[in-house]
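Here are my notes on this model, point by point. Please keep the sequence and the structure open as you read.

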Amino acid sequence: MPGPGGHHTMARWFATEWARGITDQVPPHLDTHTGTPLLADTGDVLLMHHLVPHAVGTNHTTTPRLMAYFRVSHTQHHTRRLEALRNPWLDYPTLTA
């Protein structure tokens with residue numbers, strides 16, 4: 001993947017090519033077939049930025065996959081959701097220093 005990270009690729013796409021009404025959630029040029037799988041065990045926790053491109057693999061077992069999903073966001077996120085897609089660190093100003 002080009003650039004310093006997938007979250008930057010996503011932010012550039014939201015800032016320059018994406019527009020309201022487009023239903024795609026990732027850039028069409030993003031290679032969805034490469035990447036590094038994360039194989040987790042029961043009880044593992046994954047923390048990641050909301051703009052990191054990701055996918056959920058197929059569950060090939062007979063045991064249902066259960067997850068809890070929490071999203072940490074700035075108290076004003078609801079007023080600047082689109083801006084947060086275009087600026088990966090908008091909601092995390094202390095991480096930009």
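1. Start with one term: contact, or touching, means heavy atoms within 4.5 Å. His 77 touches Arg 71, Ala 84 and Asp 91, leaving aside residues up to four places away in sequence.

2. Some ground rules. This is a predicted model, where local features need pLDDT of at least 70, side-chain atom pairs count only at pLDDT 80 or more, and totals for chains, interfaces and linings use all residues. Residues are numbered from 1 along each chain as its sequence is written, and side-chain values use heavy atoms, with hydrogens and water left out.

3. Where does His 77 sit? His 77 lies in the loop between α1 and α2. Helices (H or I, at least four residues) and strands (E, at least two) are DSSP runs, numbered from the N terminus. Is His 77 buried or exposed? His 77 counts as buried, at 11% relative accessibility. Buried means under 20% relative accessible area, exposed means over 50%, and partly exposed is in between (1.4 Å probe, protein chains only).

4. Asp 91 also has a charged partner. The side chains of Asp 91 and Arg 80 meet in a salt bridge, at 3.3 Å from N to O. The pair links distant parts of the chain: Asp 91 is in the segment after α2 (81-86), and Arg 80 is in the loop between α1 (6-16) and α2, 11 residues apart. The term asks for a side-chain nitrogen of Lys or Arg within 4 Å of a carboxyl oxygen of Asp or Glu. By this rule the count is one salt bridge. Side chains of opposite charge can pair when their charged atoms come close. Asp 91 is buried, with a relative accessible area of 8%. Arg 80 is buried too, at 19%.

5. Now α1. Its buried residues are Gly 6, His 7, Thr 9, Met 10, Ala 11, Trp 13 and Phe 14. Their cover includes α2.

6. Which residues make up the largest nonpolar core? The seven are Met 10, Ala 11, Trp 13, Phe 14, Trp 18, Leu 30 and Leu 51. Such a core is a set of buried Ala, Val, Leu, Ile, Met, Phe, Trp, Tyr and Cys residues joined through side-chain atoms within 4.5 Å.

7. Finally, the rings. The whole structure holds three aromatic pairs. Rings of Phe, Tyr and Trp (its six-membered ring) pair if their centres lie within 6.5 Å; planes under 30 degrees apart count as stacked, over 60 as edge-to-face and the rest as tilted. Ring pairs link Trp 13, Phe 14 and Trp 18 into a cluster.
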